[in-house]
Amino acid sequence: MFPIKIKQFTKTIPALLALAFAGSAVAKDSKTLDVYWVDVEGGGGTLIVTPAGESILIDTGMPGGRDPDRLHQAATQVAGVKQIDHLIVTHFHIDHFGGAAELSQKMPIKNVWDNGIPERDPDGKANSNFLLRIKPYRGMTVGERHIIQPGTELPLKQTNGTAKLRVRCVAAMKKFVAVPDATQRNPLTDKVKWVAEDTTDNANSIAVIVELGDFRFWDGGDLTQNTEARLVTPYNRVGTVDVYQVNHHGLDFSNNAVFVQSLAPTVSVMNNGVTKGCGAAAFAAVKSARVKAMYQLHKNLRDDIENNTTNEFIANLTRDCDAHHIHMSVAPDGKQYTISIPDKGHTSIYKTRRK
Ligand SMILES: [Zn+2]
């Protein structure tokens with residue numbers, strides 16, 4: 001299915017910007033499911049607002065002001081939410097949990113879902129400053145803390161007149177949900193290229209599937225190649241998705257080609273930075289899955305500049321970025337979704353694949 005362009009402005013002006021933001025903020029009144037990829041410069045910061053207006057934040061960027069500010073701004077000014085109902089921290093690397101404690105001082109965080117705070121550096125490094133870094137996260141004030149398991153579903157409100165909403169954990173700590181009944185052996189199983197085992201916390205990442213009716217979105221944190229492969233071979237425990245948040249910011253440690261091909265997304269969104277992510281192999285793997293559109297938060301400005309999607313699909317093109325976000329709005333019936341870069345005036349509509 002090719003994107004249908006409904007409008008494209010070559011130049012953004014403040015009035016258009018205001019309109020775009022107004023459009024984002026009223027989204028929940030129209031019972032859409034909204035996802036905002038906030039620019040945390042190559043960290044994780046994906047904000048989801050359900051048709052009922054509940055908010056789910058997956059990862060919190062880095063500490064130090066910038067990322068918590070951007071997340072707070074996006075939540076309150078763009079998405080129009082006053083609190084984070086559910087925070088999921090995919091794993092204990094600083095670009096994912098780092099901003100949480102500061103954000104909790106700017107707005108209430110009701111529930112935190114993670115793998116359980118490790119007692120030592122989960123990468124197994126000696127003499128690391130992990131304990132110092134984790135201290136604010138351990139001490140932050142939140143409503144309730146939960147340890148997530150494969151199969152855990154967030155307790156979310158359903159809304160009259162919308163398709164069924166479901167946010168479900170499919171992988172955590174290298175453990176997976178059960179194979180769905182009647183699943184055939186994945187024909188790509190023998191094509192997996194296994195790599196050296198990853199002993200960092202990336203491999204432990206929590207992966208979630210967000211569904212509204214037939215629509216399916218993947219956020220798998222920084223899951224790495226062998227864990228990705230085990231999740232979909234010999235049996236695909238995830239199924240296919242419409243939108244793939246490219247694992248690990250598009251780094252080559254992740255994005256096993258068989259994994260991405262098994263998920264077979266229509267659209268990919270990469271939360272990369274100016275020089276982080278957008279690796280040649282990861283990029284090729286996503287392309288090999290024949291996605292129809294690839295979005296990036298940043299243009300890759302390293303020497304391998306050929307590893308970029310077209311500028312129209314990139315939120316931030318320059319080194320001194322303005323923290324433009326990417327917005328997705330899924331129709332209440334789950335049958336189509338609109339992806340936009342409000343600051344650029346880019347908008348495309350995609351049809352949901354039927355399950
Ligand atoms: Zn990361």
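1. Donors are N, O and S atoms within 2.8 Å of the metal. In this predicted model, the zinc ion is coordinated by Asp95 (OD), His96 (NE2), Asp222 (OD) and His249 (NE2), at 2.1 to 2.2 Å. Water is not among the atoms, so the site may look incomplete.

2. The geometry of the site deserves attention. Angles of 83 to 153 degrees are subtended by the four donor atoms around the zinc ion, which makes the arrangement irregular.

3. Along the chain, the donors of the zinc ion follow the spacing D-H-x125-D-x26-H. Distant parts of the chain are linked by the pair of histidine 96 and histidine 249, which stand 153 residues apart. Histidine 96 belongs to helix 3 (residues 94-97), while histidine 249 lies in the loop between strand 12 (243-245) and helix 7 (257-263).

4. Histidine 96 is buried, with a relative accessible area of 1%, and histidine 249 is buried with a relative accessible area of 1%.

5. As to the overall fold, the chain comprises eight helices and 18 strands. A compact globule of 355 residues would have a radius of gyration near 20 Å, and the 19 Å of the chain agrees with this. The C-alpha atoms fill a box of roughly 50 × 50 × 45 Å along the principal axes.

6. Of the 355 residues, 58% count as buried. Among contacts in the chain with a separation of 6 or more, 69% come from residues 24 or more positions apart. The chain exposes about 15,000 Å², of which carbon and sulfur atoms supply 53%.

Methods
Residues are numbered from 1 along each chain as its sequence is written. This is a predicted model: local features need pLDDT of at least 70, side-chain atom pairs count only at pLDDT 80 or more; totals for chains, interfaces and linings use all residues. Side-chain values use heavy atoms; hydrogens and water are left out. Donors are N, O and S atoms within 2.8 Å of the metal (3.2 Å for Na, K and Ca); water is not among the atoms, so sites may look incomplete. Four donors count as tetrahedral if all angles lie between 85 and 135 degrees; four count as square planar and six as octahedral if opposite donors are over 155 degrees apart and all others between 65 and 115; anything else is irregular. Helices (H or I, at least four residues) and strands (E, at least two) are DSSP runs, numbered from the N terminus. Buried means under 20% relative accessible area, exposed over 50%, partly exposed in between (1.4 Å probe, protein chains only). The radius of gyration is taken over C-alpha atoms; the globule rule is 2.2 Å times the number of residues to the power 0.38. Contact means heavy atoms within 4.5 Å. Accessible areas come from the Shrake-Rupley method with a 1.4 Å probe; for residues, only the protein chains shown count as cover.
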